[in-house]
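The following exercises proceed from overall fold to individual residues. Each task is followed by a solution in steps.

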Amino acid sequence: MIKINTVWGTTAIPEENLEVCLALVDGESTNITSKCQPPDTLMGTAEWPANDLRRASYVLPIPAEAGPGEYELAMAFADPVSGERVGETAVLGNLVVHPFAPEIITAVTWNGGIDLLGSDVHENGDDLDVTLYWQTDQP
């Protein structure tokens with residue numbers, strides 16, 4: 001799961017309501033997963049005043065089918081009715097998905113929504129390094 005924090009700024013009143021779309025794209029330009037939603041849950045973009053700043057957070061789940069590899073994280077605005085992109089798509093950066101390979105596999109669930117999938121344990125001198133592999137179905 002990827003969480004993106006944004007600050008949107010206007011220089012003029014936007015003319016239309018738009019959605020912000022996040023996408024995870026592989027090296028062959030295949031869209032692995034995407035999610036579109038309003039950039040502001042309180043008011044549409046057409047209602048934003050000029051010279052205003054809006055803060056928002058978005059979550060993009062990474063599907064298990066994504067598999068290990070390098071992906072681009074992209075963001076764009078889209079028309080909420082047609083789904084057509086408005087303006088340019090911004091590549092926010094590269095994301096590396098590592099293979100899921102814990103040394104110890106577990107299947108423990110808490111409160112029906114948080115799963116401990118596995119762990120790694122390594123001695124490091126007098127220290128014990130523990131890595132836990134967690135998964136949740138919601139942000």
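Strands here are DSSP runs of type E with at least two residues, numbered from the N terminus. The model under study is predicted.

**Exercise 1. Locate Thr6 and decide whether it is buried or exposed.**

Step 1. Thr6 belongs to strand S1, which covers residues 2-9.

Step 2. The criterion is a relative accessible area under 20% for buried and over 50% for exposed.

Step 3. Thr6 has a relative accessible area of 12%, so Thr6 is classed as buried.

**Exercise 2. Determine which residues surround Thr6, leaving aside neighbours within four places in sequence.**

Step 1. A contact requires heavy atoms within 4.5 Å.

Step 2. With neighbours within four places in sequence set aside, the contacts of Thr6 are Arg54, Arg55, Ala56, Tyr58 and Met75.

Step 3. A polar contact is treated separately: the side chain of Thr6 is joined to that of Trp8 at 3.1 Å.

**Exercise 3. Characterise Arg54, one of the contacts of Thr6.**

Step 1. Arg54 lies in strand S4, residues 53-60.

Step 2. Its relative accessibility is 17%, and therefore Arg54 counts as buried.

Step 3. The side chain of Arg54 makes a polar contact of 3.1 Å with the side chain of Asp40.

Step 4. Beyond four places in sequence, Arg54 is in contact with Thr6, Val7, Trp8, Asp40, Met43, Trp48 and Pro49.

**Exercise 4. State what secondary structure the protein contains, and why it is described as more spread out than a compact globule.**

Step 1. The protein has nine strands and zero helices, in the order β-β-β-β-β-β-β-β-β along the sequence.

Step 2. For 139 residues the globule rule gives 14 Å, whereas the radius of gyration is 19 Å, well over that value; the protein is therefore more spread out than a compact globule.

Step 3. The C-alpha trace spans about 60 × 35 × 30 Å along the principal axes.

How values were computed:
Residues are numbered from 1 along each chain as its sequence is written. This is a predicted model: local features need pLDDT of at least 70, side-chain atom pairs count only at pLDDT 80 or more; totals for chains, interfaces and linings use all residues. Side-chain values use heavy atoms; hydrogens and water are left out. Helices (H or I, at least four residues) and strands (E, at least two) are DSSP runs, numbered from the N terminus. The radius of gyration is taken over C-alpha atoms; the globule rule is 2.2 Å times the number of residues to the power 0.38. Buried means under 20% relative accessible area, exposed over 50%, partly exposed in between (1.4 Å probe, protein chains only). A polar contact is a pair of N or O atoms within 3.5 Å; within protein, one must be able to donate a hydrogen and the other to accept it, and residues adjacent in sequence count only if both atoms are side-chain atoms.
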